Amino acid sequence: MEKWIDEAFERAAEKFARGAKLAARQGIIPYKSEGGHYVPSPFDGNSWWTGGFWPGIMWQLYHATGGKVYMDEALRAEEMLAHELMTFDLLNHDVGFMYLLSTGAHYRLTGDKTAHTNTMHAATLLAGRFNPAGFIRAWPQRERAGYAIIDCMMNLSLLYWASEQSGDPRFAKIARIHADTAIREFLREDGSSCHIVIFDPETGEALERPGGQGYCAGSSWSRGQAWALYGFTLSGINSGDSKYIDVARRCARYFIAHIREDGLTDSDFCQPKDEERIDNIAGACAACGLLDLADVVGGEEGEEYRAAALRLLRALYDLCADWSENTPGILQKCTASYHDDGAGRHVNILYGDYFFVEALCKLRGTDARLWMAR
């Protein structure tokens, strides 16, 4: 293993040991960091979709080190997220992100029964968003009854987990129906993915494919491509169906072909050449997917994926990691949306840090496997 990997992990562990105490003093679930402190979610309070990534960082570091500071902070954040299950109104399909990495991680690593119940509750909410026309509805607003987004490929892991835990095949069947729809309606011939598909909620007919968080309709938002790459890899692993692995390969080849010369990731692979919009969340997430995909396919192809993941991660470490003590987060130049929607452009955003830490854990053999059904 290359020396920088252990160095990066140790520095991350030190930074987030300090960060855990800071977040507890602030009494929030961090979304991003700026000016020496953490900032909470920009919308929807603790129901904002990224809430699980902070405890996810803590559980990954607890699993790797056994440090009590990480467990304590994960449990503090989990209590806040568990409350959101009761308020319900602002929750959406991203309960997979929110609860697999919080209550799900808690149960996986300790066997806690309440954490198990809360994770099954979240899975039931996600299953309840399934439209029998063939897709999982993304958001609760009345006017968005037909909206689905590629991000949901990551949330499907919660459904595979729920079937494994309960012995009830309905959850996994919903996941596979949605994944099959995503193959048909989101992916293009070249392996790229659109962000949003608007379906007729009565018939399931695809009506429109707006640009969403990408540059424009028909472009390729890089984080959406990372969701597809990692999400289809996870569907292949969790379902045992190789067709999803084959789709992940297509997504991976497209992503790899569009990595910048410096190893970083543009916010949209089709953005104007003179635009400086980088999204390091996409690179970190894609690296995680590539490492898992490499393990599945093996051989020379697997080595290609692993090399691409290392190229992405080394660029993040060398060019965009801030290790100073007065900066709580790590990765800089994270961008929530190509057309800034108030959620952050070229700043530290904590779910970028989550995927960076997860990737380092994979490389060191300590990944807590929080997305896996078993």
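User: In this predicted model, which element gives the most to the lining of the second largest pocket?

Analyst: The second largest pocket of this predicted model has a volume of about 200 Å³, and its lining includes L291, D292, D295 and V296. The elements that give two or more residues to that lining are α11 (280–297) and α13. With 4 residues, the element that gives the most is α11.

User: How many charged residues are in the lining of the second largest pocket?

Analyst: Among the residues that line the second largest pocket are I237, R306, K362, D367 and R369. Divided by class, this lining has 5 nonpolar residues and no polar ones, while the number of charged residues is 6.

User: What distance separates the end C-alpha atoms of helix α13?

Analyst: Helix α13 covers residues 350–364, and at 1.5 Å a residue its 15 residues should span 21 Å. The helix is mostly covered, with 14 of its 15 residues buried, and G365, whose phi is positive, follows it.

User: Which residue in β7 stands opposite I198?

Analyst: The open sheet of 3 strands is ordered β5-β6-β7 with antiparallel pairing, and its edge strands are β5 (147–149) and β7 (206–208). Strand β6 (residues 196–199) pairs with β7 over 2 bridges. In β7, the residue opposite I198 is E208.

User: What is the volume of the largest pocket?

Analyst: The largest pocket is lined by 28 residues, of which W48, W49, W139, R144 and Q213 lie nearest its centre. By class, its lining has 14 nonpolar, 8 polar and 6 charged residues. The volume of this pocket is about 550 Å³.

Conventions: Residues numbered from 1 in each chain as written. Predicted model: local features only at pLDDT ≥ 70, side-chain atom pairs only at ≥ 80, totals over all residues. Heavy atoms only, no water. Pairing = 2+ DSSP bridges. Expected span 1.5 Å × (residues − 1). Buried < 20%, exposed > 50% of the residue type's maximum accessible area, 1.4 Å probe, protein only. 1 Å grid on protein atoms, 1.4 Å probe; cavity = no way out; pocket = protein on both sides within 12 Å on 5 of 7 lines; lining within 4 Å. Points joined across faces, edges and corners; volume = space filled by probe spheres on them. Nonpolar A, V, L, I, M, F, W, Y, C, P; charged D, E, K, R; others polar.
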